[in-house]
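Please find below a colleague's note on the structure shown here.

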Amino acid sequence: MSDRTNRAETRAAGHAGTSPDRNGRDRNGAIDFGDLDDFVGFQLHRARNVAAAELNKLIAPEFVPGHFPILYLIAQNPDRTQSAIAKAVGLDRSSLVPILNRFEKNGWVQRIPSQGDKRAHALRLTRAGERKMRDLHDKVMSMEDRISDALGDDGQKAMLDYLRRVQDAFDQTR
């Protein structure tokens, strides 16, 4: 019998005699996640959402947490094409364009003709974009520090290794 099956049976035994109300909550108001609580994908999703919500408190309303990696990659890779940045963050090019339009409108990014392909645009931060990046970086690092504190050094290294393995299993472009 798998660990997952054992945990599910233990949970089921613990919920004996409780009946959910019409909103799916037991008498204590908790949601019964059943086996979902043991799904790695679900836990990744929840962890990402919780972290994004906390980060949003630090950087909103001016900035969206999911856009930070885009600005960061442009800062780290000046004059790379929109397509290269889109691929690096796992977006299709058409999804990146409205984000870049916003960055450009805010004066953070400029598009220039690519040296290698005049039809493509290369990206670089403006001075205002560099200032924004420094400000955002400090806030994101405070969030990273909280995660590191929760995991410890060894846990953080293991977590990064595990997350990269998951990415490698599904993303053949890495």
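The numbered points that follow describe the model.

1. This is a predicted model, in which local features need pLDDT of at least 70 and side-chain atom pairs count only at pLDDT 80 or more, whereas totals for chains, interfaces and linings use all residues. Residues are numbered from 1 along each chain as its sequence is written, and side-chain values use heavy atoms, with hydrogens and water left out.

2. The structure contains five aromatic pairs. Rings of Phe, Tyr and Trp (its six-membered ring) pair if their centres lie within 6.5 Å; planes under 30 degrees apart count as stacked, over 60 as edge-to-face and the rest as tilted. One of these is the tilted pair of Phe33 and Phe42, at 5.6 Å centre to centre with 45° between the planes. Phe33 is partly exposed at 35% relative accessibility, and Phe42 is buried at 17% relative accessible area (buried means under 20%, exposed over 50%, partly exposed in between, with a 1.4 Å probe and protein chains only).

3. Phe63 and Phe103 form a stacked pair, 5.7 Å centre to centre and with 15° between the planes. Phe63 lies in the loop between α2 (40-59) and α3 (68-76) and Phe103 in helix α5 (residues 93-105), so the pair ties together parts 40 residues apart in sequence. Helices (H or I, at least four residues) and strands (E, at least two) are DSSP runs, numbered from the N terminus. Phe63 is buried at 1% relative accessibility, and Phe103 is buried at 0%. Ring pairs also link Phe63, Phe103 and Trp108 into a cluster.

4. Three strands make an open antiparallel sheet in the order β1-β3-β2, where two strands pair if DSSP finds at least two bridges between them. β1 (80-81) and β2 (109-113) are the edge strands, each pairing on one side only. Five bridges join β2 to strand β3 (residues 121-125) in the antiparallel sense; Val109 has Leu125 in β3 as its bridge partner.

5. Which residues lie nearest the centre of the largest pocket? They are Arg48, Pro69, Glu144, Leu163 and Gln167, out of a lining of 41 residues. On a 1 Å grid over the protein atoms alone, a pocket is an open set of points where a 1.4 Å probe fits, with protein on both sides within 12 Å along at least five of seven lines; lining residues have an atom within 4 Å of a point. Helix α6 (127-170) is among the elements that each supply at least two lining residues, and α6 gives the most, with 16 residues.
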